[in-house]
Amino acid sequence: MEKQLISSRQFTIIVILYTVGTGILIIPASIALEVKQDAWIVATIGTLLSLLLIKLYIILSNKMVNLSLVEVTEKFLGSFVGKFVSLAFVLLTLLSTGELIYFIGNFLQTEVMTETPPVVFGIFFNFIILFAAYYGVEVFARTLEIIFPVFLFLFIIFLIFVSPQIDIKNMQPVFEVSIQPLIYSILHFMGLFSFPLIVLLIIFPSAINNLQSSRKGFYIGTLVGGFIVTAFIALSILVLGVTNTSLRTFPSYTLAQRISVGDFLQRIEIIMAFMWMVTIFVRAFMYFYASLIGISQILKLKDHRPLILPLGMIVIALSQIVHENIIHSGKYNQETWPLSIAVFSIFLPIILLIVAKLRNIKDKDNKKAIHNLEDPRKG
C-alpha cells in the first residue's frame with residue numbers, strides 16, 4: 001500500500017485537537033475534586049512539564065525516521081520482546097478506543113437523547129472512525145484542516161459569551177493546595193493530557209514530510225492544547241464554583257448551558273457538544289489507527305485495510321464492557337490509566353534510547369533519511 005505523508009501544519013493541528021481530546025469535558029471535574037480552585041495551576045504546570053516529554057519523543061524520533069513506534073520497538077528490543085511490547089501497546093490503544101466510544105454513548109444518552117441506548121451512538125460514531133481509517137491519515141489530516149478554523153472560532157465565541165458570568169472570588173484563595181496532592185494531580189493531569197501523546201509516534205516522524213518544522217509543531221500543538229484545556233478548567237471554576245465543578249460529570253457542558261445573551265441567545269451548549277465531538281473523534285481515530293497499523297506491522301501485512309472491519313467490531317464490543325458505569329470509568333482514569341500509559345509514554349522511550357546507546361544505533365541511515373525528507377530534490 002502506498003505510504004501516506006502529512007505536512008507539519010497538519011501534524012500540529014492533530015496534536016492540538018488530540019491533546020484537548022476528552023479533557024475539556026472530563027478533566028475539570030476530576031482535577032477540581034483533588035486540588036479545588038488551584039486546578040488551573042495544576043493544568044498550567046502539567047502543560048509545561050509535558051514539553052519535557054515532547055523533547056524525549058523528539059530525541060527518540062532521531063533514531064526512527066522511517067519507522068513507527070511499533071517497528072522501532074521490534075528493531076531495538078529484538079523480534080520476540082519487541083513484538084510482545086508492541087502487542088501490549090496495541091491492546092491498550094484498542095481498549096482505549098472502546099473506552100472513548102463508551103464516553104460518546106454515555107454523554108449523548110445522559111445529556112441529549114436519554115431514551116436511546118448508548119450502543120446506537122457508539123455504532124454510528126465508530127462507523128465514522130472506520131471510514132476515516134479506510135482512507136488513511138492523509139485524508140484524515142486534510143479533513144481536520146477544514147474543521148480546525150471552525151473549532152477555534154467556536155472556542156473564541158464560547159470564551160466571549162461565558163466571560164460575563166465569571167466570579168473571581170471562586171478562584172480564591174490561590175495556592176492553598178499542599179505539595180503532595182499538587183504533585184499527584186499534576187501526574188493525573190499529564191496522564192490524561194500528555195502521556196497519550198506516545199500514540200502519535202505511530203505517525204511521527206515516519207508519516208511527516210518536513211521533520212524540522214513538525215518538531216516545532218509538536219511543541220506548539222501541545223502548548224495550544226494545554227491552553228485550551230486550562231481555559232476550560234479555569235472557566236468552570238470561575239463560573240460554576242469549585243463544588244459545582246467537582247460534582248458534575250461534564251462541568252464544561254453545564255458551563256455552556258449557563259450562557260445567556262439577552263433573551264434571544266440561550267442554551268447554546270451545542271457549541272460545547274460539537275467541540276468535544278471533534279476532539280474525541282481525533283483521539284479515538286488516532287487510538288484506532290495506532291491499533292490498526294500496529295497489528296499490521298506486527299503481522300508484516302502490506303495492507304492494513306482488511307483489518308478495519310474486524311477491529312471495528314471488537315471496538316464496539318469493548319465499548320459495552322469496558323466500564324460498568326461512570327463511577328467505574330472515573331476510578332479507572334484516576335488510578336489505572338495513568339500507570340498503564342506511563343509505562344509506554346515514559347519508560348518505553350527511555351528503554352529504547354538506552355538500548356540504542358548500548359547497541360550504538362545512531363544512525364548514519366537515519367541522518368541520510370532526515371536529509372532526504374527535508375530536501376526531496378536530493379532524494
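1. Phe227 is exposed, at 51% relative accessible area (exposed is over 50%, buried under 20%, partly exposed in between, with a 1.4 Å probe and protein chains only). Phe155, by contrast, counts as buried at 5%. Bear in mind that this is a predicted model, where local features need pLDDT of at least 70, side-chain atom pairs need 80 or more, and totals for chains, interfaces and linings use all residues. Numbering runs from 1 along each chain as its sequence is written, and side-chain values use heavy atoms, leaving out hydrogens and water.

2. On to the rings: there are 20 aromatic pairs, counting Phe, Tyr and Trp (six-membered ring) with centres within 6.5 Å; planes under 30 degrees apart are stacked, over 60 edge-to-face, the rest tilted. Phe155 and Phe227 make an edge-to-face pair, 6.4 Å between centres and 85 degrees between planes. Phe155 is in helix 7 and Phe227 in helix 9, so this pair ties together parts 72 residues apart in sequence.

3. Phe189 and Phe193 are stacked, because their ring centres are 5.1 Å apart and their planes at 20 degrees. Both are buried.

4. Helix 7 covers residues 137-162 (helices are DSSP runs of H or I, at least four residues, numbered from the N terminus). A bend of about 35 degrees falls at Ile147, with Pro149 following within four residues; the angle is between axes fitted to the seven residues ending there and the seven starting there.

5. Arg283 puts its charged end over the Tyr18 ring, 4.8 Å from the centre (the rule: Lys NZ or Arg CZ within 6 Å of the ring centre and within 35 degrees of the normal). Arg305 lies over the face of Tyr134, at 5.2 Å.

Definitions and conventions:
Helices (H or I, at least four residues) and strands (E, at least two) are DSSP runs, numbered from the N terminus. The expected span of a helix is 1.5 Å times one less than its number of residues.
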